[in-house]
Amino acid sequence: MNMLPLPGDGQTPVRVLTIAGTDSGGGAGIQADTRTMALCGVHACVAVAAVTVQNTVGVSGFHEIPPEVVAAQVRTVVADIGVGAAKTGMLASTAIIEAVAAVCREVGIGRDAAVPLVVDPVAASMHGDPLLHAEALDAVRHTLIPLATLVTPNLDEVRLLTGIEVVDDASARAAAEALHALGPRWAIVKGGHLRSSAISKDLLFDGERFHEFSAARIPTGNDHGGGDTLAAAVACALAHGYGVPEAVEFGKEWTRRCLQAAYDLGAGHGPVSPLWRLGVAPGAPARGER
């Protein structure tokens, strides 16, 4: 894969902002975002929207940050540091979603702004634990997604947002069209959770053309944080000036490598791991490449 460049010593890296919730177990959420951003050579800025209480087995609770505090984090970071891209993750409530959308429009982040926005519409953990109040789905549909350069739901989130159960290529295309109709510039339907297929196929749609990204499924139960990792990697590539299809291609391959490097942790699902990049010398091919 083509690696994103690492900054030289003393060189200010590209900056990317994540607006999301924490994971006390370190596998998903802001922790997954910042791990990928750091190993992509990017400086990660953070706006904490919620604090979760979780481990590898599940989420036992979460605390929402006041919406005005979430917005203030975004405003303060952008005013001083500046960012090349941003992504959202767990936003928990209608009030937080509305505050994030408003401040993104204020500071120039979003589909029609200079700074692209990747929206990962987190609704539940991989264990099925809710991370979004049910009444906030309408705010995701009508306030957050229309602001997105790219929206990246998993198949459970696709079903919640569009009512479409993705089971094959035809339903994936219908879901991508339904997602795009909500207003993002690009929509992707990810096939990672379609475990009946030996191939993990992601379908990207811009309202006119479909792009397909396929990879052999990696047989592992250690896939915690995979969706966060993909969205973060795409945001990093966008911050480096990639177009959306090229950024998704990079994010797909980055996540595949992270799945290959995933490790056991605790009694449940271990995390995908970007630590594989530590073994790749600058300018050298990634592990397994020639």
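This is a predicted model: local features need pLDDT of at least 70, side-chain atom pairs count only at pLDDT 80 or more; totals for chains, interfaces and linings use all residues.

Modeller: A crossing is left-handed if the near helix is turned anticlockwise from the far one by less than a right angle, and right-handed if clockwise. Helices (H or I, at least four residues) and strands (E, at least two) are DSSP runs, numbered from the N terminus. Residues are numbered from 1 along each chain as its sequence is written, and side-chain values use heavy atoms, with hydrogens and water left out.

Colleague: Why are helix 1 and helix 7 called oblique to each other?

Modeller: Angles under 35 degrees count as roughly parallel, over 145 as roughly antiparallel, 65 to 115 as roughly perpendicular and the rest as oblique. The axes of helix 1 (residues 29-39) and helix 7 (residues 226-239) cross at roughly 40° and come within 9 Å. The pair is therefore oblique.

Colleague: Which residues make that contact?

Modeller: Contact means heavy atoms within 4.5 Å. Helix 1 contributes Gly29, Ala32, Asp33, Thr36 and Met37, and helix 7 contributes Asp228, Thr229, Ala232, Ala233 and Cys236.

Colleague: Why are helix 2 and helix 3 called roughly parallel?

Modeller: Helix 2 (residues 67-80) and helix 3 (residues 94-107) pack at about 20°, with axes 8 Å apart. Helix 2 and helix 3 are therefore roughly parallel to each other. Their crossing is right-handed.

Colleague: What meets what between helix 2 and helix 3?

Modeller: Pro67, Val70, Ala71, Val74, Arg75 and Val78 of helix 2 meet residues of helix 3 including Ala95, Ile96, Ala99 and Val100.

Colleague: What is the predictor's confidence in the protein chain?

Modeller: The mean pLDDT (confidence in each residue, from 0 to 100) is 94, and 95% of the residues reach 70 or more.

Definitions and conventions. Axes are lines fitted to C-alpha atoms, for helices over the stretch in contact, and angles run from 0 to 180 degrees between N-to-C directions.
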